[in-house]
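Subject: Structure for your review

Dear colleague,

Please find the structure below, together with its sequence. My findings follow it.

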Amino acid sequence: MNRDYLQEALATFNGSNWYGWKTHDDDGNKIPNEDRMQYKYIKIIKDGATMPTEAEVNAKIQELKDAEQAAIDKKASGKQKLKDLGLDDDEIKALMGA
């Protein structure tokens, strides 16, 4: 399953449930559902919420991706350290549950 980094990033601003997606562009044209989830189509639906800049959202997306990659790297490093200690793949799987 692909992560929805945009929505994960948006959820970190203003608390939860502060945004929605425009259904029509500025010219009144209907935005197809598959095209709606873009920064330019965000609408604020919660009083007091402020729109983060696109740069802030992109920075948060990169932070989420970096954290995900760090977790992957740590898992691989841990597996290698266990192998270096003499454990075989089956033993490592039993310990890590994967």
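The notes below treat the core, the helix packing and one loop in turn.

This is a predicted model, in which local features need pLDDT of at least 70 and side-chain atom pairs count only at pLDDT 80 or more, while totals for chains, interfaces and linings use all residues. Residues are numbered from 1 along each chain as its sequence is written, and side-chain values use heavy atoms, with hydrogens and water left out.

The core

The largest nonpolar core contains 13 residues, and Leu 10, Trp 18 and Val 57 have the most contacts inside it. A nonpolar core here is a set of buried Ala, Val, Leu, Ile, Met, Phe, Trp, Tyr and Cys residues joined through side-chain atoms within 4.5 Å. Buried means under 20% relative accessible area, exposed over 50%, and partly exposed in between (1.4 Å probe, protein chains only). At least two residues of this core come from each of helix H1 (5-10), strand S1 (19-21) and helix H3 (54-84); H1 supplies the largest share, four residues. Helices (H or I, at least four residues) and strands (E, at least two) are DSSP runs, numbered from the N terminus. Beyond its neighbours within four places in sequence, Val 57 is in contact (heavy atoms within 4.5 Å) with Leu 6, Ala 9, Leu 10, Phe 13, Tyr 39 and Pro 52.

Helices H3 and H4

H3 and H4 pack with their axes 10 Å apart and at an angle of about 130 degrees, which makes H3 oblique to H4. Axes are lines fitted to C-alpha atoms, for helices over the stretch in contact, and angles run from 0 to 180 degrees between N-to-C directions. Angles under 35 degrees count as roughly parallel, over 145 as roughly antiparallel, 65 to 115 as roughly perpendicular and the rest as oblique. Lys 75, Lys 79, Leu 82 and Lys 83 of H3 make the contact with Asp 89, Ile 92, Leu 95 and Met 96 of H4.

At the start of H4 (residues 89-96), a side-chain oxygen of Asp 88 comes to within 3.1 Å of the backbone nitrogen of Asp 90. Just after H4, Gly 97 has a positive phi of about 70 degrees.

The loop between H1 and S1

Thr 12 lies in this loop between H1 and S1 and counts as partly exposed, at 42% relative accessibility. A polar atom of the Thr 12 side chain is 2.6 Å from the backbone oxygen of Ala 9.

Asn 14 is placed in the loop between H1 and S1 as well, and is partly exposed at 26% relative accessibility. Leaving out residues up to four places away in sequence, Asn 14 touches Lys 46, Ala 49, Thr 50 and Pro 52. A polar atom of its side chain lies 2.6 Å from the backbone oxygen of Thr 50. Most residues other than glycine have a negative phi. Asn 14, although not a glycine, has a positive phi of about 60 degrees.

Asn 17, in the loop between H1 and S1, is not a glycine either and has a positive phi of about 50 degrees. Asn 17 is exposed, with a relative accessible area of 65%.

Yours sincerely

Notes. A polar contact is a pair of N or O atoms within 3.5 Å; within protein, one must be able to donate a hydrogen and the other to accept it, and residues adjacent in sequence count only if both atoms are side-chain atoms.
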